[in-house]
Structure formats: C-alpha cells, structure tokens
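Subject: Model handover

Hello,

I am passing on the model we discussed. Please look it over before reading my notes.

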Amino acid sequence: MSGNEAVATAMRQINPDVCGAFPITPSTEIPEYFSQFMANGLVDTQFVPVESEHSAMSVCIGASAAGARAVTATSSCGLAYMWELLYVAASSRLPITMAVSNRALTGPISIGNDHSDAMGARDSGWIQIYAEDNQEVYDNFIQAILIGEATRLPVMVCQDGFITSHGVSNIELIEDEKVKEFVGEYEPEAWLLNGEEPLAVGPYGTAPYYMEVKRAQAQAMKEAGSAILEVAEKFEAMTGRHYGFIEEYRMEDAETAVVVIGSSAGTAKACVDQLREEGRKVGLVKIRVFRPFPARELVKALSRVKAVAVMDKAESFNGCSGPLFAEVRSAMYDMEDRPLAVDYIYGLGGRDVTVDHFRQVFAALDEDVTAGKTDEVYRYICVRDRDEQPVR
Amino acid sequence: MNRIKAADINENISWQDITKGAEIYEPATSRYINTGEWRVMTPVFKEDKCKQCLLCVPFCPDSAIPVQDEKRADFDFYHCKGCGICVNVCPFDAIDYVKEEK
C-alpha cells in the first residue's frame, strides 16, 4: 500500500477520538482513506472537516485540551498555515499526532517533495520523526501516539511526499487487536471535560512567568529521548522491528559517510553497497528522530570518519548552509578529532536524486580527504550549473 | 492528583515547579493578580457625597468596587486599573479622579 494509506490504516487501528483535517496535496489521501473507514463504521472517531489547516490544528488543540486523543495530517502550505497553532499545541503540552507528507513550500509553486515544510517548523516544539519508507511511516505513526502522551509533546510523523506517500510497496501490518492493545486508552494528566477539576489551559504568560514556562518546555524536549527509546523497545517486542534515533548503515569501518533524512536514505544505501563492493570504506547515517536532535548519537556514529557530507533537502537561506548541516556541524564542534564536513542541498521541489549523485558526493569527499581541507562547504547536487559537467 | 495551588504559582516559582503548559487547576484565579499596579490615575471615593445608588458597580470592568449589605465600600486597589469609568457614570460627583503619587 501507499505511505498515505499506511498512515490512514494506522489511524484506523488507533481509532483516535478526534480527527480535524483539511485536504492538501500530497497528504489528502490520508483523511480520504480515513473518512472511508468512518463511513464503513470501522472507527468511531469524531471527524471534523474544517475550512483550513489553521482550523484543523485548532480542532486538534481544543480536542486534546478537552482530553481527547487527536490526530491530523497535512503538507507544505497547509503546515505553514498551521504555524501559529503549532506553537500553541507544543507550549500547551498537548500530545497531538500529525502525519506530514513532506512537500516543498511555495514559491515557485511546487507539489514536489522536499523538507522545507517540516524543516521550517523544526523550532516549533514538536517532536519530529522521519521515515525512509512506507513500513517506517506506519510504524512511526503508531509509536508517535505513545511518545506524545508520555512526553506531553506533539509529534510530527514525516514521510516524503509522493516518493513514499504515493509510492506503493508491500508492508507488514500489525493485527488490529495488537495495535489497540499497544496504544491502550489515553489517560490525560489534566483535561477540560473533567468535571471533578476546573482547569485553565493556555493562560497569558507575563514576563515574570514566560521564561520559566519555556525553560520547562525545553526540558521536556531534552528528556523526550528516553520515552522515544522506551516506546521503540515496546514496539520491537511486538513486531521485531528495531528503531532508534538514528540508523547507522555500514558505518563500522567507514572513512567517509553521508548523513541523510527520509527516502533518499534508500538511494544512498544502494550507492554505499555499490562502493563497498568496489572496496571503498563508505557508510551512511540516517536521522530518524530530528527533534529532539540526536547530537550525542551522531557524534558517536561519526567519531571515526575522515569526512562527512550532510544532505539537506531544504534551504535555510542563511547564506552559509542548509538547516541539517548547521546542526550536525554544531554537534561535532566539541569532538576531539572531528571530521571534515560539507553540505549538499539536493532534491528541492521534487528533483530526483540518484545513486550516481551519491557516487559524486562520495568522490568529492575523497578529494576533500586527500586535500586535507574543504573549500566551499555550501554545495549543491543535481542542480544545473553552466560551469560544471552534467551528471548523467 | 496532587496539584499546585494557583496562589503558589507566583513570581518566585522556578521552572522546575511551574505547571506543564502553564496549566492552572482551579477557577477564578484572576483575583491573585495585582492589576492595580497598572494604574496611572486613581479614583477617590467620597463617602459623604455617595447616595449608594450603586451605578458605578456594574460599570466597573474589574469588579473592583466591593459591595456589602447593599452598600459600596472603598475601591479594591489591588485590582482597580484606574480606568475612570466609575468617575464618568457617577451622578453625584462622589468619585474624584487624581494622579496617583508613587
């Protein structure tokens, strides 16, 4: 099934209390499939078809504050339209679960995949989990329910628009009863519909209070890692499928490596396999959990490489690098013997990235290692440049 | 569940003790907030001129005019923001409006 259908199936199995949603390509199928499940009586969710994403997130916030398990799905400009509410959900510590089928932001207008939507929301206080393939996005969505509720933080479950959201592949579904048991009943710490206890949610935070509230929120994100691992462990016990903050692929003796998020990890793995067959010591680190940022795990994984290329599927327009590079390089700053590091902006607006492109990246890393230095670290792959030979 | 009292969420509270999402677990907590410090102009209650018509009471946007036994008392200056609406509505010139000495 497609990645979107996989998420909708996970939602059906979770049977959340409320779903507020508004269609936007390429996540539209998620509420579509889900409304079919509703029409067929397979879930008893309160489905609220709103007039905008701003309202979709508002529905989730209201429902979650009331004590309901709330889910939604969006993409691109839809996520951008939720911006204000993303911060409200996170700062009010409401464990909403949102599927994001990543798509470029306008402009130019594009429905193609890249990570600029979710990367733009990286500082909104949401946990962010990215999937390489359809199996992962299904597994991540089920885990996200418990991660959010354990940390009282909202969770974004991201997959690459079209590439996995519409790409069809065989995946292993978990039996309905097992998912039901896994996610259990939601027992909120405090909820507005509790007649026993009056509750105020989202009060005005004057200057003497605001910073303490934000400091506590930051702490929740710092401590979220343990909940993410506990849920992954419980999930592995049920399915045999292992999940962590990052995935290290053939890193044991790697001298050069790429760091990548999402579906392109599959392409890069194929490249790593090819180069390994040719006797080259190359590896890959895939980031599954981007928020909280797995700085310690990345440093450990990259501690023995000579050079690393960070793959950014989003621009940051800071004039220096993409967003992932800035954070990976910052994480490596305190390493005693840190590797050379370069950034590659790639795949914007649905631009395809191939095994050959990754070969080119690894070849450039070899040149950097031989030279013992990097020149321009803010680089591009698969963009037409009149001064460079085209890559076939 | 053991909840922190709203009165204990004050300007001395640490980030470790503040509630998740700044939640408050009891109603009517605005009475703990000293909005009186916003005041620039201050109403002065002249009891001798007051006929106890109580017109000022419903006009006060902050419930800062206490009433007991059908009679108003002096202002609740912990909450009075000094907006002056009571001064305007009083038919008997029983409320002065002066610049507050700080």
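The model is predicted: local features need pLDDT of at least 70, side-chain atom pairs count only at pLDDT 80 or more, and totals for chains, interfaces and linings use all residues. Residues are numbered from 1 along each chain as its sequence is written, and chains are lettered from A and ligands numbered from 1 in the order in which they are written.

Domains

Chain A splits into domain 1 (3–239) and domain 2 (247–380); these bounds come from an automatic or database domain assignment. The C-alpha centres of domain 1 and domain 2 of chain A are 28 Å apart. Their contact involves 25 residues of domain 1 of chain A and 20 residues of domain 2 of chain A, where two residues are in contact if their C-beta atoms, placed from the backbone, lie within 7 Å.

On the domain 1 side, the elements of chain A that give two or more residues are helix 6 (116–120), strand 5 (127–130), helix 9 (207–222) and helix 10 (224–239). Helices (H or I, at least four residues) and strands (E, at least two) are DSSP runs, numbered from the N terminus. Strand 5 of chain A gives the most to this side, with 4 residues. By class, the domain 1 side of chain A has 11 nonpolar, 8 polar and 6 charged residues. Here Ala, Val, Leu, Ile, Met, Phe, Trp, Tyr, Cys and Pro count as nonpolar, Asp, Glu, Lys and Arg as charged, and the others, Gly among them, as polar.

Sheet

Chain A has an open sheet of 7 strands in the order 2-1-3-4-6-5-10, with mixed pairing; two strands pair if DSSP finds at least two bridges between them. Strand 2 (46–49) and strand 10 (289–291) of chain A are the edge strands, each pairing on one side only. From one strand to the next, the twist averages 20°. Strand 3 (residues 70–74) and strand 4 (residues 97–102) of chain A run parallel and are joined by 4 bridges. A:Thr72 has A:Met98 in strand 4 of chain A as its bridge partner.

Helix packing

The axes of helix 1 (residues 3–14) and helix 7 (residues 134–151) of chain A come within 8 Å and cross at roughly 30°. Axes are lines fitted to C-alpha atoms, for helices over the stretch in contact, and angles run from 0 to 180 degrees between N-to-C directions. Helix 1 of chain A is therefore roughly parallel to helix 7 of chain A (angles under 35 degrees count as roughly parallel, over 145 as roughly antiparallel, 65 to 115 as roughly perpendicular and the rest as oblique). The contact of helix 1 with helix 7 of chain A has 9 nonpolar, 3 polar and no charged residues.

Helix 3 (residues 53–66) and helix 5 (residues 83–91) of chain A pack at about 15°, with their axes 9 Å apart, so helix 3 and helix 5 of chain A are also roughly parallel to each other. Helix 3 of chain A contributes A:His54, A:Met57, A:Ser58, A:Cys60 and A:Ile61, and helix 5 of chain A contributes A:Leu85, A:Leu86, A:Val88 and A:Ala89.

Chain contact

In the contact between the chains, 18 residues of chain A meet 13 residues of chain B. Helix 9 of chain A gives the most to the chain A side, with 6 residues.

Regards
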